[in-house]
Amino acid sequence: MLFAAAALLLTPMAWDHLTAGASQGEPPLTQDSLEIGPSPSPTAEEVTKSPMPPPPSVPVPEPLVTSISISAIGDCTLGSGIGFAHQGSIGDYYDRFGPEYFFQGVTEVLSTDDLTIANLEGPLTQQGEPTPKTFNFRAPAEYVEIVKLGGVEAVTLANNHSMDYGEIGFQDTQATLDQAGITHFGFDDLAVVEVKGIRIGLLGDLGWDNTEETRSSLAQRLQELDADIKIVSFHWGIEGEHTQNAAQVSLAHFAIDSGADLVLGHHPHVLQGVETYNGRLIAYSLGNFAFGGNQNPSDTDSMIFQVHFELTGSVVTGLDSQIIPVSISSIGHPNDYSPVVLDGAERDRVERKVLGSSTNYPV
Ligand SMILES: [Zn+2]
């Protein structure tokens, strides 16, 4: 054993020596040494005596197969609205338990995947003036630790709350996320995250309408997105509706026809169905997740939608997925802002609910 190990260690030196010797023995090929004139045809005898050597076999490397697991979660609203009571609010829980409290029931799932994508619904800022609307959410910059410690690596800002405190609030949010090392995307801000050598492209937009303009802008950005896996995140649909509407279905299909591999939806605050379309996946609404916007929502059902991609080289050659049922509150009611993975009968109920609105899923 000792001898073999020593021989292996010596190999590089031996090779150096051999290579040097070989190059000394063979003069370099120059233009002069090439035979340019027509060569005489070989006789039959010559052919049999000296057959052509077989072409050198160049080993073709097997394309690398890579697995990528992506978890998608719904609305993360880390602050409260104007006029919300402090007691029982998400800020109250932050003050009492700190940032690591919120995602403790899901961190194991979200930190063992390759990428977690959330909808960050509300700015991280203490600047700006509330824009005129019904609900204005915001959270202090330090609350970014909630999602960071929870294993979230990317967030979309394309939703109807990211501008709740104007442009300055939006810019603060981007700067805070940059500082925390969390990728953000949305509107014209396309992002590409590289995991295990695979480029994952992220595009986020509002999907309220399904006009020609929306479609052509989407198709153009999908084409610009230089990535191996392309994900489109849509803020769309009707609040409280458990079934996706025709506009969502049409836009999701269009996104996939234009090159998307996965479409993720949110805004209805409740779960909607999942669909397999042309070998790609759509989750129409992921519901709420860590949601400071309501101290006691009637519907606490949510899910982690986990998608497993298989790539051969850089081409998607397979994908499957898993619905992981979640409650947004570990105590049910009221909201304690700490989502947990469900089990038993509750797990089955939430899964059945999603499957009840699903199309062609599971395949
Ligand atoms: Zn929304």
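Predicted model: local features only at pLDDT ≥ 70, side-chain atom pairs only at ≥ 80, totals over all residues.
Leaving out residues up to four places away in sequence, alanine 180 touches Val144 and Lys148. Glutamate 142 stands 38 residues from alanine 180 in sequence, and the two C-alpha atoms are 9.5 Å apart in space.

## Helix 6

Helix 6 covers residues 166-180. Its 15 residues reach 21 Å from the first C-alpha to the last, close to the 21 Å expected at 1.5 Å a residue. Glycine 181 follows helix 6 and has a positive phi, near 75°.

Gly169, Asp172, Thr173, Thr176 and Leu177 are the buried residues of helix 6. Viewed down the helix axis, these buried residues fall within an arc of 130°, so they line one face of helix 6. An α-helix has 3.6 residues a turn, so residues three or four places apart point the same way. The buried residues of helix 6 pack against strand 4 (137-138), helix 5 (144-150), strand 5 (154-156) and strand 6 (183-185). On the other side of helix 6, the exposed residues are Glu167, Asp178 and Gln179.

Elsewhere in the chain, an open sheet is built from 6 strands in the order 7-8-9-10-12-11, and its pairing is mixed. Strand 7 (191-195) and strand 11 (274-277) stand at the edges; each has a single partner strand, so one side of each is left without a neighbour in the sheet. From one strand to the next, the twist averages 20°.

Both senses of pairing can be followed in individual strands. Strand 7 and strand 8 (residues 198-206) run antiparallel and are joined by 5 bridges, with valine 193 opposite isoleucine 200 of strand 8. Strand 7 and strand 8 form a hairpin with 2 residues between the strands, where lysine 196 takes a positive phi near 50°. Strand 9 (residues 229-235) and strand 10 (residues 262-266), in contrast, pair in the parallel sense over 5 bridges. Isoleucine 231 has leucine 262 as its bridge partner in strand 10.

## Helix 8 against the sheet

Helix 8 (residues 246-257) lies across strand 9, strand 10, strand 11 and strand 12 (280-283). Its direction is at about 150° to that of strand 10.

Apart from neighbours within four places in sequence, valine 263 is in contact with Val232, Phe234, Ala252, Ala255, Ile256 and Ile282.

## The largest nonpolar core

Valine 263 is also among the residues with the most contacts inside the largest nonpolar core, together with Ala118, Ile231, Ala283, Ala290 and Met303. This core has 78 residues. Strand 14 (residues 301-312) gives the most to the core, with 6 residues.

## The chain as a whole

The chain has 9 helices and 16 strands. Of its 363 residues, 41% count as buried. Among contacts between residues at least 6 apart in sequence, 73% join residues at least 24 apart.

Technical notes
Residues numbered from 1 in each chain as written. Core = buried A, V, L, I, M, F, W, Y, C linked by C-beta atoms within 7 Å. Buried ≥ 20, exposed ≤ 12 C-beta atoms within 10 Å, placed from the backbone. Helix = DSSP H or I, 4+ residues; strand = E, 2+ residues; numbered from the N terminus. Contact = placed C-beta atoms within 7 Å. Pairing = 2+ DSSP bridges. Axes fitted to C-alpha atoms, helices over the stretch in contact; angles between N-to-C directions. Expected span 1.5 Å × (residues − 1). Arc of directions from axis to C-beta.
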